[in-house]
Amino acid sequence: MKKIRIAVLCSGGGTNLQAILDAEAEGRIPDGEVVLVVSDSREAYAVERAKKRGVPTAIFAKREMPRAERERAMLEALHESEVDLVVLAGFMTVLSFGFVKAYEGRIVNIHPALLPSFGGVGMYGIHVHEAVLAAGVKVTGATVHYVTEVCDGGPIIAQKAVEVREDDTPETLQQRVMREAEWVIYPAAIQKVCKKLQGE
Ligand code: GRF
């Protein structure tokens with residue numbers, strides 16, 4: 001069976017990318033391979049992580065190109081690399097309807113909360129964990145979902161809960177959600193999606 005060709009789109013530190021690359025190296029994504037890492041920032045450490053593993057990279061910097069042009073160039077790069085599955089991992093650009101349509105059912109994202117709670121416009125990065133603490137909920141977590149035109153609203157693929165502690169700050173909570181949930185469920189969910197795409 002042909003492996004599903006994966007592109008990972010990042011903007012920052014790339015710890016989720018690292019978790020995915022490690023899982024692939026350890027044989028935990030037997031039905032997929034990361035063939036391209038795309039960044040919308042030249043400063044993203046994710047690009048270094050990809051290079052260290054010998055994975056090709058492409059940069060379409062927000063500062064250098066308007067969105068429409070950037071998306072056209074990104075789609076071209078994805079087609080050139082014959083990408084089957086687009087994985088968003090801390091990618092800070094909201095994709096247009098046209099882009100989502102081009103990869104319908106083949107774009108996934110990870111969100112650092114238990115959707116549909118604490119999702120939607122403005123809920124990204126540390127803001128999510130601030131909102132969780134302000135609400136006083138005792139359980140949070142992470143969600144892997146398909147990307148549709150509704151921000152954080154696509155069908156859910158996987159979730160994992162993480163306990164909120166009395167003494168948590170947004171930063172300690174963010175770290176624990178990554179370690180205990182995101183880095184665990186994302187590679188597993190990607191393998192599950194690859195298996196499903198192979199069957200189509
Ligand atoms: C993660 O918390 C992810 O859930 C969110 O952005 C963060 C990315 O971190 N969408 P990293 O770049 O993978 O380290």
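Biologist: In strand β5, which residues lie on one side and which on the other, and are they buried or exposed?

Modeller: In this predicted model, β5 is covered on both of its faces. One side carries I107, N109 and H111, all buried.

Biologist: How many residues of β5 are buried?

Modeller: Buried here means under 20% relative accessible area. Strand β5 is largely enclosed by the rest of the structure, because the buried residues number 5 of the 5.

Biologist: In what sense do β4 and β5 run, and what is the bridge partner of L88 in β5?

Modeller: Strands β4 and β5 run parallel and are joined by 3 bridges. Within this pairing, L88 has its bridge partner in β5, namely N109.

Biologist: Over how many bridges do β5 and β6 pair, and which residue of β6 is the bridge partner of I110?

Modeller: Strand β5, residues 107–111, pairs with β6 in the antiparallel sense over 4 bridges. The bridge partner of I110 in β6 is V144.

Biologist: Which residues are around the ligand, and how much of the ligand does the protein bury?

Modeller: The residues around the ligand are G13, G14, T15, N16, G90, I110, P112, M178 and E182. A backbone N or O atom of G14 lies 2.8 Å from an oxygen atom of the ligand, and a polar backbone atom of N16 is 2.9 Å from an oxygen atom of the ligand. For T15, a polar side-chain atom lies 2.5 Å from a ligand oxygen atom. Taken alone, the ligand exposes 370 Å², of which the protein buries 86%.

Biologist: Why do the buried residues of helix α2 line one face of the helix, and within what arc do they fall?

Modeller: The buried residues of α2, which covers residues 45–52, are A46, V47, R49 and A50. They line one face because, seen down the helix axis, they fall within an arc of 160°.

Biologist: Is S96 buried or exposed, and with which side chain does its own side chain make a polar contact?

Modeller: S96 lies in the loop between β4 and α4. S96 is buried, with a relative accessible area of 15%. Leaving aside neighbours within four places in sequence, S96 is in contact with R67 and E71. The polar contact made by the side chain of S96, at 2.5 Å, is with the side chain of E71.

Biologist: Where does K62 lie, and how far apart in space are K62 and S11?

Modeller: K62 lies in the loop between β3 and α3 and is partly exposed, with a relative accessible area of 39%. Apart from neighbours within four places in sequence, K62 is in contact with D40, R70, M92 and T93. K62 and S11 are 51 residues apart in sequence, while their C-alpha to C-alpha distance is 9.9 Å.

Note on methods: Residues are numbered from 1 along each chain as its sequence is written. This is a predicted model: local features need pLDDT of at least 70, side-chain atom pairs count only at pLDDT 80 or more; totals for chains, interfaces and linings use all residues. Side-chain values use heavy atoms; hydrogens and water are left out. Buried means under 20% relative accessible area, exposed over 50%, partly exposed in between (1.4 Å probe, protein chains only). Helices (H or I, at least four residues) and strands (E, at least two) are DSSP runs, numbered from the N terminus. The arc is that of the directions from the helix axis to the C-beta atoms. A residue is near a molecule or strand if one of its heavy atoms lies within 4 Å of it. A polar contact is a pair of N or O atoms within 3.5 Å; within protein, one must be able to donate a hydrogen and the other to accept it, and residues adjacent in sequence count only if both atoms are side-chain atoms. Accessible areas come from the Shrake-Rupley method with a 1.4 Å probe; for residues, only the protein chains shown count as cover. Two strands pair if DSSP finds at least two bridges between them. Contact means heavy atoms within 4.5 Å.
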